[in-house]
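Subject: Structure for you to look at

Hello,

Here is the structure I promised to pass on. Please open it first, then read my notes below alongside it.

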Amino acid sequence: MLTRLLSGDGPRSLPLALILLAIFLCLALAPFLFPGTRSVDTAARICVFILLVASYDLTLGYAGIVSFAHTMFFGMGAYGVALASTHLGRGFDALVLGTLAGALAAAVFALLIGLFSLRVRAIFFAMITLAVASAVAVLVSQLSGLTGGEDGLNYQIPRALTAAQKYLDEPVLGVRINGKLLNYYLVFAASTALFLVLLRIVNSPFGRVLQAIRENDFRAEAIGYRVVYYRTIATCVSAVAAALAGSLYAIWLRYVGPDTTLSFEIMVDILLMVVIGGMGTMYGAVIGATLFILAQNYLQGLMGAAAAGLEGVPLLPGLLDPDRWLLWLGVLFVLSVYFFPTGIAGRLRGE
Amino acid sequence: MTASLLQTRDLAVRFGGHVAVDHVTCDFRAGELTAIVGPNGAGKTTYFNLISGQVPASAGKVLLKGREVTRLPVAERTRRGIGRAFQLTNLFPGLSVFENVRLVIQARCHRGFDLFSMAMSHAEISEAAQEILARVRLWDLSGQPVSELSHGNQRKLEVAMLIALDPKVYMFDEPTAGMSVDEAPVVLDLIAGLKDDVTRTILLVEHKMDVIRTLADRIIVLHNGTLAADGPPAEVMASDVVQEAYMGKALEDV
């Protein structure tokens, strides 16, 4: 049962299995283990980014395709929900319609970019995705009448998914059973299910062809696989999964803006997460996203505490100033790439 | 010796001013093993590339079972039955030996666009791959990554992948190059075994004269991209022009 659920591709390493289990349990029980708005918000972000990074791993790690348009697809899902909720009014029909429209737009864009540019060299495809993604980001910030421009869009989601809706009068284990909790579990369940779908796809006959193409596209073609079609489908599947992650994010945040979904900074974050976690493993996405978002959210606080604790010692408090957190993240990244070239998941599997 | 399985009609390619293959017209019949010989740079591998599609032809046609395939992409020619093994080993280095062969069988079974089943749950594909690995005596190495195989075993796997493809036209490009004396016979026995099926045709680029003498039903000689001789091995090897111009060096190697 578990083997089928994981598509026969288990962690294959005890430490990796334990880490994954710990992350899974923490996320599954996050509202009860770590009550508080900020920690539950962090948990939801982790869920969304695990899905987003896993979908990126499908193209980068499995098919060997370098794309810089992943945040564009993520944004399409998010803006789909935002626009539908703004124009159709608050309701589940708006959420479903927005999600589907966003996923469809992502699939069509991925198909067009793929068919036009995946025939040629990898570097050309990377450049095209960069150009299209930049163009879309500029368009979104300029068309402020439609998209809210740099300010983004605030909108309402169904009351059943907000804190205003109470399901039980009494708190359970000190946690209020309300719409916000339901919203968290919607994000958690959808991310988990879609992650398992992606895990299945990379272990399917199709996924094996992607790995063959990554290893030697010339030979893959010579044994009868039309490489350009496989690459294009992989790009589309990855784009749709990214759009779905974007929709979940939009449902959770009740806000979209260029900075939360489309910015190039997020693209870089995704790249870092997949490389730190381990490319071509899927489980690397889980570890990479969790570590990175925890660091993003709590490293500053930790450093502030450390700096205060070391007051009076020369140099160190300055280095540990919370404003320097990006410096330390950079150092961590360099070290992890140097010591774990196959990422944390690859390293734990002994590769 | 029946109808032609594979034909090339005035097949030519030029790279800039250099004509690498110069209007070669040749028929390859079912049940026949044709050795293709000629000095280095004569256009043997380029001729192969034109037939299997890696290099587009400048002029002329390639016909498989009478139907033109000249404009088809490589993968489509493979699906129609033109199978190719490469001179320089050309495998999937990061994947296991088993997975290399399994991917070929999966391609033959047209399962590549299946996104939602588990690859390892298709027992018939896995069993066929195991059977091929047993035939080439690589079974005990099936779990190893290809990048860790010896050169000889990589050559064997190269041949195994072509056999797994089960094509109508087998194209071997120096299959035993760089193999040790005790490894080469395994590969040559496999190729000889393929001759039992008289519905296929085999093309073999080879330099070793003893190999050609034992395996070939026919020899064609390429020189400067043109077809210089064509006929039964004894006749072609005995002809003066071939002896002097193209075979002299090769015969000394034996």
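Helices (H or I, at least four residues) and strands (E, at least two) are DSSP runs, and they are numbered from the N terminus. By that count, chain A has 18 helices and two strands. Its radius of gyration is 21 Å, close to the 20 Å that the globule rule gives for 351 residues, so chain A is as compact as a globular protein of that length. Please keep in mind throughout that this is a predicted model.

Overall shape of the chains

Taken along the principal axes, the C-alpha atoms of chain A fill a box of roughly 65 × 55 × 45 Å. Of the 351 residues in chain A, 53% are buried.

Chain B has nine helices and 10 strands. A compact globule with 254 residues would have a radius of gyration near 18 Å, and the 18 Å of chain B agrees with that. The C-alpha trace of chain B spans about 60 × 40 × 40 Å along its principal axes. Buried residues account for 56% of the 254 residues of chain B.

For a sense of distance inside chain B, take D197(B) and G17(B): they are 180 residues apart in sequence, and their C-alpha atoms are 42 Å apart in space. D197(B) sits in the loop between α6 and β8 of chain B. With a relative accessibility of 28%, D197(B) counts as partly exposed.

Surface patches on chain A

Which residues gather in a patch of positive charge on the surface? They are R90(A), R159(A), K166(A), R176(A) and R254(A). One of them, R254(A), lies in the loop between α12 (227-253) and β2 (255-256) of chain A. R254(A) counts as partly exposed because its relative accessibility is 34%, and partly exposed covers the range between under 20% (buried) and over 50% (exposed).

There is also a nonpolar patch on the surface, with about 1,000 Å² of accessible area together. Its members are V313(A), L315(A), L316(A), L319(A), L327(A), W328(A), V331(A), L335(A), Y338(A), F339(A) and F340(A). Two helices of chain A, α16 (316-319) and α17 (325-339), each supply at least two residues of this patch. The largest share, six residues, comes from α17(A). L327(A) is found in helix α17 of chain A, and at 44% relative accessibility L327(A) counts as partly exposed.

Salt bridges

How many salt bridges does the structure hold over all chains? The total is 18. I looked at a few of them.

In chain A, R231(A) forms a salt bridge with D217(A), and the closest N and O atoms are 3.2 Å apart. This pair links distant parts of the chain: R231(A) is in helix α12 of chain A, D217(A) is in helix α11 (residues 217-222) of chain A, and the two are 14 residues apart. R231(A) is buried, with a relative accessible area of 17%. D217(A), with a relative accessible area of 35%, is partly exposed.

In chain B, the side chains of E76(B) and R80(B) meet in a salt bridge, at 3.3 Å from N to O. E76(B) and R80(B) are four residues apart in helix α2 (residues 74-80) of chain B, so about one helical turn separates them. E76(B) is partly exposed, with a relative accessible area of 24%. R80(B) is partly exposed as well, with a relative accessible area of 30%.

Another salt bridge in chain B joins the side chains of R200(B) and D166(B), at 2.8 Å from N to O. Here too the pair links distant parts of the chain, 34 residues apart. R200(B) is in the loop between α6 (184-194) and β8 (201-205) of chain B, while D166(B) is in the loop between α5 (151-165) and β7 (169-173) of chain B. R200(B) is buried, with a relative accessible area of 13%, whereas D166(B) is partly exposed at 38%.

Finally, R29(B), E32(B), R218(B) and D230(B) are joined into one network by salt bridges that share partners.

Regards

Methods
Residues are numbered from 1 along each chain as its sequence is written. Chains are lettered from A and ligands numbered from 1 in the order in which they are written. This is a predicted model: local features need pLDDT of at least 70, side-chain atom pairs count only at pLDDT 80 or more; totals for chains, interfaces and linings use all residues. Side-chain values use heavy atoms; hydrogens and water are left out. Patches are made of residues with over 30% relative accessible area and no salt bridge: like charges are joined within 9 Å, nonpolar side chains (Val, Leu, Ile, Met, Phe, Trp, Tyr) within 5 Å. Accessible areas come from the Shrake-Rupley method with a 1.4 Å probe; for residues, only the protein chains shown count as cover. A salt bridge is a side-chain nitrogen of Lys or Arg within 4 Å of a carboxyl oxygen of Asp or Glu. Lys and Arg count as positive and Asp and Glu as negative; His and the chain ends are not counted. The place of a charge is taken as NZ of Lys, CZ of Arg, CG of Asp or CD of Glu. Buried means under 20% relative accessible area, exposed over 50%, partly exposed in between (1.4 Å probe, protein chains only). The radius of gyration is taken over C-alpha atoms; the globule rule is 2.2 Å times the number of residues to the power 0.38.
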